[in-house]
Amino acid sequence: MSSGDEQDAQERRKKRYHRHTPRQIQELEGMFKLCPHPDEKQRMRLSRDLGLEPKQIKFWFQNRRTQMKAQHERQDNCSLRAENDKIRCENIAMREALKNIICPNCGGPPVNEDSYFDEQKLRMENARLKEELDRVSSITSKYLGRPITQLPPIQPVSVSSLDLSVGGFVNPGFGPSLDLDLLSGSSSSIPFPFPAPLSDIEKPIMAELATNAMEELIRLVQTDEPLWIKPGTDGREVLHLETYDRIFSKPGHQFLGPDTRVEASRDSGVVFMSPGALVDMFMDSVKWMELFPTIVSNARNIEVLASGMGGSRSGSLILMYGEFQILSPVVPTREFLFLRYCQQIDHSSWVVTDVSVDFPRDPNLLGPPSRNRRLPSGCLIQEMPNGHSKVSWVEHTEIEDKNQTLGLFQDLVHSGMAFGAQRWVTTLLRMCERFHCLMGTGADTRDLVGVIPTPEGRMSMMKLSQRMLNIFCNSLCPSNGHQWNTLSGLNEVRVRFIPHKSADPGQPNGVVLSAATSTWLPLSCQRVFSFFKDERTRAQWDVLSNGNMVQEVTNITTGLNPGNSISLLRALTPDQNSMLILQESCTDASGSIVVYAPVNLQSMDIVMSGEDTSYIPLLPSGFAILPDGRPSNGLAASTSSNPISGSSGSLLTITFQILMSSLPTAKLNTESVESVNRLISETVHNIKAALNCP
């Protein structure tokens, strides 16, 4: 191409680009203010009015929008830069002011370093010195042949919102002189120290811990063999620890102390409750206790770290305290401080995850750390047809058994059945059936004499019985600051008792003596449960009935199992027509309970009228029946839904609550304790005689 042709081509290209006239720019700017994104019709109209091509109109608006975006970003950057400079100046001024502050304790100037980093240095130095002290103490004890004297205890000092110390219950026992003036409610047991609110730095750490625990829980639920195995014939799934350590890269199980034991189990079931209702009850500590009255003896929401998204429970994160129990004074309760995280993973599935919080603090300042840890545990809830839910449950804990005397319950606890996933699932199934009946959708009432005239009366009676069951379970747990004291009863029966003042609205005022004992019976749990539930055999074990028979006048079913029911009994004697007996019996694959309490006719009239029953005084007694956890001796092998049939015997706990005096200031004497002691001993003797047990 010649130089002349090349010049002509350049001139033609230049002609394609031209400036808009002031009128065109004014019209385009006016249209841009009204509509930054004109459609095709608007661009065609502007093209005709301004004498421009539609592509020119389109490109002008695109360029104008880009220009406005860049202009806004520059303005935002300028404002942020100015705000940053302002904060920097304030920071410099505050640092200069801090240099002139005089310490109120020593009168000297403060340290120049940042307090946060200074505190971290002190903690690291403290940890190093403690390791050095332990090393020197170990070497010295080898030469001396005995442990060296420990340093004097330091008063607890709160150094962070995550400070935690756990004390144990002390049971000094009773000697020849029995001091029973212990009714003030105080005790030498150390209460669980709840931490202060978490700081803004600690909350993201807690959120990350909960998220990782949730991911691990989902994998535990969805993975089968070789992670989960069935070592016995009872069908229960337990965690294979070596496979778990390899999959999750956690070799910590092999480095546990000699007194630390790992419990891990899995189970599932379909319950009569929607996922939303279950999640709501799990995230509320009060509702959670009502859902598991036989397991959760105490619970509390410590702090809500996240309340969920969009008005739902999804994303909720709560720091919780929970105390779990076995219905016997022999087995100590288990206390945990843990994070509970709830997340909706799809439109029909929810996951609720628990994981204990670690507190890496100086034990010299805070006392002994928590010995029990709740590793990623919880449940996956999946929506089923007809408002039902499939619940897949995982329990994974590290428990220290140091200095624990479990007695008859050792096999049950060490087998993992006492606090395992199967107990949680079966209890949840039974309680969901009960709530289903409480709402009037599945209850069957057999009223022999017409004492329940309305559905409101039936519901009121069920609520009263539920409160009776809750009081009974709480009476077996010394979490209220009291402690069990032991006496030797007749025929080598060891009776434990707690004297305490009762001032609750739903219990009689005065001095109440709670007494209990546990014994082993070479019979199946179902056989023992049927014996106590049958009103025709009541005279064989009830010492206070004086051999008189009772008659069932009302029965309300509370579940699919016919053994789950509420009964109203009356004595067949002319002199006891003013009193009735309210009784609830419940059974599932983890155990059985029979609870009863006397109720006068005036109170029962209030119940049947559907009025508030929260102030009707109840003082329940009853029986808790659990499998002994030992391998069966010729009995039929159990299945995953009923491990009771595989036990060689049953563990029976008998509990009495007796109002010793209606005066809160009354003192309990030795004669009263001995009377209750004889009452329980005679009851145990009568039960074994009626069941032909040695």
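Colleague: Leaving aside its neighbours within four places in sequence, which residues is Leu 278 in contact with?
Modeller: Leu 278 is in contact with Val 271, Met 273, Ile 381, Ser 389, Val 391, Leu 428 and Cys 432. Contact here means heavy atoms within 4.5 Å. Before we go on, this is a predicted model, where local features need pLDDT of at least 70, side-chain atom pairs count only at pLDDT 80 or more, and totals for chains, interfaces and linings use all residues. Residues are numbered from 1 along each chain as its sequence is written, and side-chain values use heavy atoms, with hydrogens and water left out.

Colleague: Good to know. How many residues does the largest nonpolar core have?
Modeller: The largest nonpolar core has 77 residues, and Leu 278, Phe 282, Trp 288, Phe 292, Trp 393, Phe 409 and Leu 428 have the most contacts inside it. A nonpolar core is a set of buried Ala, Val, Leu, Ile, Met, Phe, Trp, Tyr and Cys residues joined through side-chain atoms within 4.5 Å. Buried means under 20% relative accessible area, exposed means over 50%, and partly exposed is in between, using a 1.4 Å probe and protein chains only.

Colleague: And which helix gives the most to this core?
Modeller: Helix H12 (residues 421-438), with nine residues. Helices (H or I, at least four residues) and strands (E, at least two) are DSSP runs, numbered from the N terminus.

Colleague: Which residues does the second, separate core include?
Modeller: That core of 30 residues includes Leu 513, Phe 529, Ile 625 and Leu 652.

Colleague: Switching to charges, how many salt bridges does the structure hold?
Modeller: The structure holds 17. A salt bridge is a side-chain nitrogen of Lys or Arg within 4 Å of a carboxyl oxygen of Asp or Glu. One of them pairs Glu 29 with Arg 64, at 3.0 Å from N to O.

Colleague: What does the Glu 29 and Arg 64 pair tie together?
Modeller: Glu 29 is in helix H2 (residues 22-34) and Arg 64 in helix H4 (residues 54-99), so the pair links parts that are 35 residues apart in sequence. Glu 29 is partly exposed at 22% relative accessible area, and Arg 64 counts as buried at 15%.

Colleague: Which residue does Arg 266 form a salt bridge with?
Modeller: Asp 224, with the closest N and O atoms 2.9 Å apart. Arg 266 lies in strand E3 (residues 260-271) and Asp 224 in the loop between helix H6 (202-222) and strand E1 (228-229), so this pair ties together parts that are 42 residues apart in sequence. Arg 266 is buried, at 10% relative accessibility, while Asp 224 is partly exposed, at 47%. Salt bridges that share partners also join Arg 340, Asp 354, Arg 374 and Glu 395 into one network.

Colleague: What about Ser 565, buried or exposed?
Modeller: Ser 565 is buried, at 1% relative accessible area. Its place is in strand E16 (residues 565-571), and its contacts beyond four places in sequence include Lys 533, Asn 555 and Gln 583.

Colleague: Last one: how many helices and strands does the protein have?
Modeller: There are 16 helices and 20 strands, and 45% of the 694 residues count as buried.
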